[in-house]
Amino acid sequence: MTSGKQPEAPLWRQAFDAAEKRVTPHAENLVRTPGFATGVALLRRAQNAAKDTARGVSARAWHLVNLPAGTDLARLRAQIGALDREVRRLTVQLETERRARAAAETTPEEPDADGTQPAGGPRPRPARRGAQRPPRA
Amino acid sequence: MERNALRARNGIKLVAGVDRPGVGLTPKDVVWERGRTQLWHYRSDRVRYSPPLLIVFSLVSRSYILDLTPGNSFIEQLLDAGFDVYMVDWGEPDERDAQNRLEDYVDDYVPAAVERVREISGAEEVNLFGYCFGGDLSLLYAAHHPDAPLRSLTVLATPVDFTQMGPMADVFRGGLEVDDVLDENGNVPPRVVVQGFKTLTPTAEVTRYVTLWERLWSDEYVSAYQAMTGWSDDHIPFPGAAARETVQMLVRDNGMVTDRLAVGGDRVHLSDIRLPFLTVRADRDHIVPPDATAPLIDLVGSEDKHELRLNAGHMGLVVGRTAARTTVPEIIGFLRTRSEESAPARAAGQEG
């Protein structure tokens, strides 16, 4: 990364490289301490708590005049997003089914075309409807 | 004096954002898309090998790193070598993708892309190639679908031991929740992802600017700087539900190493991967440290498995001289021995 080993490096660059060489291990050790991870988490939570408080006040103000607040819109967007995902997954799964059917029609003599599976072999995985969970509340 | 004039000119160019090098320019066609996800087919009239190669890109960065600039493009080299190349690009997730889980990618999008590639190429199988987190998706796909029509699997800079991922993973084991970093769309915003990567090398940002000042007079350096740093600062949102799952399963449970993986409710084991397999690691990788990729070779069940270790950084695996000299020829060599050479039936990328 650094060019300190090059003979033609200017003096200021050599000085920077020397300083960087001393500082970098300490900085890298610092960000790998448990204290750093805890500090980041606490800082982020404090920021979120402040934001949530401001949002709560603003939401109450909008609701007083019977208007939706940003949090209501966010909830709606999340629901639309979840619906969009369901439709996308269903479309992809339908496409896959259609392709599989078309392929089966062009090769009717395929050994497991009747739906039976070889005993020891892996079975094709159907679309997983059970996996399409509703969004987190 | 002359260098100072060049510095001033290039400095103005950088600040004004003009004269940026074009990235991702290799001609391609969109041959399938769903939501923000697209499947690209790179045009080539030099296809000599079958089956085709399908690249699954990472969920958090832009795919043009694999096709950076003409003459410095991983994709270009693959095409020159005679491969028929496709890539799954996840686009830029928005609020509609916030509920996407890993199973959406592993059970829906990747299989759909594989099927589309087979349909277009007429090949029975594909060679699958996963880059960075795209490698994790490819591993989960191959493990969850042992019957998938794959000839081989290659993964590059793919983390499996998330205890070795440094501060970016440590913060989530130290009490930070994914919900704490989500934006109003329900996704992990790109600035959090970029900040996470920058924390891995806390002094690199300063060094970067110092080196830029030193070499600002060089048009060649400035052009490479714009392309490379443009990419490293240009991330995409990480869908919230997939991020929650990643943190729980891969970071906290360290599921790849501890064999505690689940996709769509099914248990998944990397040992079920029995394909010809190649993993490529970089010894100077600061984003995915080599210790995070090291266990992978022992985790897959393949008999025909290989590990390539290179003295390169994360980006150096696919761009620059090391890539052109070592990584790409090795990958091409691996794929060639798992492909059939044939006369080109038709030029790739004529689907319209």
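## A helix in the open

Of the 31 residues of α2(A), two are buried, so this helix lies largely in the open. Here a residue is buried if 20 or more other C-beta atoms, placed from the backbone, lie within 10 Å of its own, exposed if 12 or fewer, and partly exposed in between. Helices (H or I, at least four residues) and strands (E, at least two) are DSSP runs, numbered from the N terminus.

A word on the source: this is a predicted model, in which local features need pLDDT of at least 70 and side-chain atom pairs count only at pLDDT 80 or more, while totals for chains, interfaces and linings use all residues. Residues are numbered from 1 along each chain as its sequence is written, and chains are lettered from A and ligands numbered from 1 in the order in which they are written.

The length of α2(A) agrees with expectation, because its 31 residues at 1.5 Å a residue should span 45 Å and its end C-alpha atoms are 45 Å apart. The expected span is 1.5 Å times one less than the number of residues. Just after α2(A), A:N66 has a positive phi of about 60°.

Chain A as a whole has three helices and zero strands. Of its 137 residues, 7% count as buried.

## Where the chains meet

Chain A brings 43 residues to the contact and chain B brings 40 residues. Two residues are in contact if their C-beta atoms, placed from the backbone, lie within 7 Å. On the side of chain A that touches chain B, α3(A) gives the most, with 15 residues.

| Class, side of chain A touching chain B | Number |
|---|---|
| nonpolar | 18 residues |
| polar | 10 residues |

## A buried residue in chain B

Now find B:N127, which sits in strand β6 (residues 126-131) of chain B. Is B:N127 buried or exposed? B:N127 counts as buried, because it has 27 C-beta neighbours inside 10 Å. Leaving aside neighbours within four places in sequence, the residues in contact with B:N127 include B:P51, B:R151 and B:L335. B:S50 lies 77 residues from B:N127 in sequence, yet the two are 8.8 Å apart in space, C-alpha to C-alpha.

Conventions. Ala, Val, Leu, Ile, Met, Phe, Trp, Tyr, Cys and Pro count as nonpolar, Asp, Glu, Lys and Arg as charged, and the others, Gly among them, as polar.
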